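Me: I would like to learn how to read helix packing and nonpolar cores. Can we work through an example?

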Amino acid sequence: MLNFLGLGGFSVVQILLAFYANFLPFALYAVWLGVALWDITHRDALSTGARVGWSLLVIAIPLLGPIAYYVLGHPNLSRNFRWTLLLAAPAIYLVLTVMIFVASGFFA
């Protein structure tokens, strides 16, 4: 079906699995990074040094920087929103990946 694209040996389900497995972690990190930086810039109570410090931590340490900010940085975000970002989003990603992985075995 996809020979003209150079994807002759792969089914659509396998291509979706590769997409989810390879690109969604980067999208999740981008959301964590964007929301953390947005919150840091909109916190009036933080000094300039604290803003720079948290921004550097969030940017310099992938994945763990935003997680540390959400847990230890006392962001203005609601508690439910933070825990949804930290727990529900990766859980949904894992469930979708497992479902597509199982489906790729049936449709391969």
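Reply: Start with contact: it means heavy atoms within 4.5 Å. By that rule, leaving out residues up to four places away in sequence, Tyr 69 touches Ala 36, Asp 39, Ile 40, Arg 43, Trp 54, Val 58, His 74 and Pro 75. This is a predicted model, where local features need pLDDT of at least 70, side-chain atom pairs count only at pLDDT 80 or more, and totals for chains, interfaces and linings use all residues. Residues are numbered from 1 along each chain as its sequence is written, and side-chain values use heavy atoms, without hydrogens and water.

Me: At what angle do H1 and H3 pack?

Reply: Helices are DSSP runs (H or I, at least four residues), numbered from the N terminus. Axes are lines fitted to C-alpha atoms over the stretch in contact, and angles run from 0 to 180 degrees between N-to-C directions. H1 (residues 12–41) and H3 (residues 64–72) pack at about 45°, axes 9 Å apart.

Me: Which residues of H3 make the contact?

Reply: Pro 66, Ile 67, Tyr 69 and Tyr 70. H1 contributes Tyr 29, Val 31, Trp 32, Leu 33, Val 35, Ala 36, Asp 39 and Ile 40.

Me: Which residues touch the most other members of the largest nonpolar core?

Reply: A nonpolar core joins buried (under 20% relative accessible area, 1.4 Å probe, protein chains only) Ala, Val, Leu, Ile, Met, Phe, Trp, Tyr and Cys residues through side-chain atoms within 4.5 Å. Here, Trp 32, Tyr 69 and Tyr 70 do, out of 13 residues. H1, H2 (48–60), H3 and H4 (79–107) each give two or more. H1 gives the largest share, five residues.

Conventions: Buried < 20%, exposed > 50% of the residue type's maximum accessible area, 1.4 Å probe, protein only.
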